[in-house]
Amino acid sequence: MHTLDHAVVQFIVGFGLFVVGFYVLINGYYLCIHVLALLELRDDVRESRWDPPFRRFASPFYPGIGIVVPAYNEAATVVESVQSLLALNYPEVEIVVVNDGSTDETLERLVENFDLEAVEAEVPIDVPAEEIHDVYRSTIYEELLVVDKDNGGKSDALNAGVWLTDMPLFCAVDSDTVIDRDALLELVGPFLERPETAVASGGVIRVANECSIEDGIVKSVTLPKTGLPGLQVMEYLRAFYSGRLGLNRIKGLILISGAFGLFRTDVVREIGGYRQDTITEDFDIVVRLHRHLMDEGRAYTVDFVPEPVAWTEVPSTRRVLGRQRRRWYRGMVETVVTNRRMLFNPTYGRVGTVVMPLFVAAETIGPLVEGIGYLVLPLAWYFGFLDVEFVLIFFLLTTGFGVFLSWFGVFSEVWSFNRYDSPSQIVRLLWYGVLENLGYRQWKTLVAWQGLLEYLKGVDTWGAMERAGFGTEEE
Amino acid sequence: MTEIVSAFGYSVSLTVVLIVAALVIGLALAVMFWLTVGLSIYRSIEDTRRARVRDELQEQLLEGTFDPDFDWETWVAGLSGVERDVVESLLDEYLRELDGQNVERLRELGDALGIADRSKRRLERGGEYERLYALTWLTLLERPENLHAAEFSPRTQRERAAVARLRYESNDFENPREGISLLLEGARSQFTVFGQDTLYRIGTEDPEALLDVAERNYATWPEPLLVQVLVVCRHLAAGVTTEDLSWLTAALEADNEAVREAAALALGNVGWRKDVRSDLFLDRLVADPSPRVRGAIYRMLARWSDQQALDTLLRALENEFDPRTRLLGTEALGSQRDQLPEERATALGDAWTWSHEHAKYDRTARNPGGVRG
């Protein structure tokens, strides 16, 4: 018994030391990323303020963009989404809606509203997707193409669109995402600056809950008043905005949101398109692009552009959010495991030696370690060697630093594009930065553990996203 | 908590370490909070002040634009700092959108605001972005004299493009060749789309000059710049009379497939003369190992559409093993569909029927009231 006690004590002490070291490493990484984000933002703001004196729409040098929209049981919103995409400001677009075996009236709504007719000819190329029943063309919109196929999941639907678009670039868009009118003109920037090397660029995803949206345009930006979506605004600002800006600074962007990313069509076809057996296809595709292009020794860039914005509705209940986050966690683990050869591998440059290992430590292992920490504390207390004073101070320090990083993200937002333009909203956002440490963060560690268990059990479901729908001015 | 922490020969109580860390983080939090809130309040006040005066200023600005007797100098003298900022942003917006006589009145407003003189100073003393903002203002105001008066020469490719654009928009070049030379002679890196568009605008006025400058300089350019110039050539008006297009045909032999592809598309546009075509080994070109390049060659042949080109293209498409490249070729053939014997078109299989049907839908959508076919 004495030996067991000793072993437990040794474990707890060792774990405590590990946690302190791990905390210093991860937070040092986050601090670096946020400082780099500020430098990147400074350059981006200066660049965005320079509007060269020429008419973009009259220029023949903007590459065509195929907007690929996978749609599964989206009858309620698909017509409005397509109308909103048809109204985007960009010289040359092709909208490819892929009806992924919907069981509702998604296809019928499209046929009826856009005057679609089925093309009689057989598709003359091999498309790596489930069987395509028909390809439809609109007799009123030259740029609209609708593909009707068997259900195969989001990746499968994206592949159908990627193979059938004629455009040199394609933009993967979720059908429930609202894109700013000029967003494509901004997102294409890296491809105009470096046409030979740019392979992908991602824009900012922002929370649309409680924003008023009319005819596919965000009319006014409002910070959600309820806790859960509000906390996610804070998270999106820190991780999807500041975090990606920082990674962009060191040419190490490894994730572009599936809801809004632009890619070179031929390069994505070259790597076989999206993997059907993954649930976070957006993360997987970017990591595979890095891997493939570095294996081939080709010069390339993957960029984050902070100004173009796509708006998406985030879960407003803990049940749906938990399901979404478990899926994200499962997908992250799966992608990391699949591409483990890249970790600490100098062949993959900065991405392999610095970015991926730190990403894995911070995002994959971090929540698990934190979760164990919450279990070890009562154990240490039980064995009578918990230094309550130290634990409290350590908790306050880690929380304080976490809040500092969150506030850094808010500061970057205010300093740059300032979409939440009322000071009262900013104060509320800062409050969310404090609040997320009191319960929400701990709950996310539990979700991470659940996600890991689901991964180990081989769960591969998506789970349905329940949406309340976007608000309008009248509402 | 009485442990001692030792490092680099120093020993400090853990309590002291934690207190110092707490103080540092607390201070950082306080600074970040007040900085963020303060900045937000400042920006909100600025936005409110600007929004409050914008409508009225817009009205006065339009009134002044359409009234030749309106005295800009007196009006500007009565504006506050915020109002001047708002007027400058409105001026920027209108100068980009409006054409004709009104623009000259707006340029006079720009002079009254002292923008051209300020831009000259920015050119001499500012950083790269300051210089780019200055060149943009001078372009909108068409004031090349301030550029000439400044002690400034472009240091980056973007500045070079901005200077060329300013002089082009202001009709300040003696001839287009001068502008093309400014952009391309000695260029060592690629342009942004703005520079490429500027080259295109100037090149359109004298395609022969562009081809001539390219012929003399192309060997010194990096490949991305060469590709950009070739892409510009693809969009030039067809029918150039330049004798020597050997640099274009030489680009078809480049190792880089992007260069070969761009060269083929450029030749599709400017290589209309029989002697240029007869110099090319068409059969060798359609056997290029890169599907991307073959697709471009097919489009080049379809664009020429003489009997020899069409024969070569049809022969190549019948043997094309890559379905997507074959599709590209049949799509390119679309405009010549009436010239093709039916049996040869049918031999192209699904690719032909697919592209043929899509071409019909394109025409229907473009002309919804018309008859399909």
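Student: What percentage of the 475 residues in chain A is buried?

Tutor: Keep in mind that this is a predicted model. Buried here means under 20% relative accessible area. By that cut-off, the buried share of the 475 residues in chain A is 58%.

Student: And what radius of gyration does chain A have?

Tutor: Chain A has 13 helices and 12 strands. The globule rule gives 23 Å for 475 residues, and chain A comes close to that, so it is as compact as a globular protein of that length. The radius of gyration of chain A is 23 Å.

Student: Over in chain B, how many residues apart in sequence are the parts that B:R118 and B:E88 tie together?

Tutor: These two form a salt bridge, with the closest N and O atoms 2.6 Å apart. B:R118 sits in helix 5 (residues 115-125) of chain B and B:E88 in helix 3 (residues 81-97) of chain B, so the parts they tie together are separated in sequence by 30 residues.

Student: B:R165 and B:E169 also meet in a salt bridge. Is B:R165 buried or exposed?

Tutor: The N to O distance of that bridge is 3.2 Å. Both residues lie in helix 8 (residues 157-169) of chain B, about one helical turn apart. B:E169 is partly exposed at 28% relative accessibility. B:R165 has a relative accessibility of 3%, so it counts as buried.

Student: Which residues form a negative surface patch?

Tutor: Take B:E56, in helix 1 (residues 14-66) of chain B. B:E56 is exposed, at 52% relative accessible area. The patch consists of B:D55, B:E56, B:E59 and B:E63.

Note on methods. Residues are numbered from 1 along each chain as its sequence is written. Chains are lettered from A and ligands numbered from 1 in the order in which they are written. This is a predicted model: local features need pLDDT of at least 70, side-chain atom pairs count only at pLDDT 80 or more; totals for chains, interfaces and linings use all residues. Side-chain values use heavy atoms; hydrogens and water are left out. Patches are made of residues with over 30% relative accessible area and no salt bridge: like charges are joined within 9 Å, nonpolar side chains (Val, Leu, Ile, Met, Phe, Trp, Tyr) within 5 Å. Accessible areas come from the Shrake-Rupley method with a 1.4 Å probe; for residues, only the protein chains shown count as cover. A salt bridge is a side-chain nitrogen of Lys or Arg within 4 Å of a carboxyl oxygen of Asp or Glu. Lys and Arg count as positive and Asp and Glu as negative; His and the chain ends are not counted. The place of a charge is taken as NZ of Lys, CZ of Arg, CG of Asp or CD of Glu. Helices (H or I, at least four residues) and strands (E, at least two) are DSSP runs, numbered from the N terminus. Buried means under 20% relative accessible area, exposed over 50%, partly exposed in between (1.4 Å probe, protein chains only). The radius of gyration is taken over C-alpha atoms; the globule rule is 2.2 Å times the number of residues to the power 0.38.
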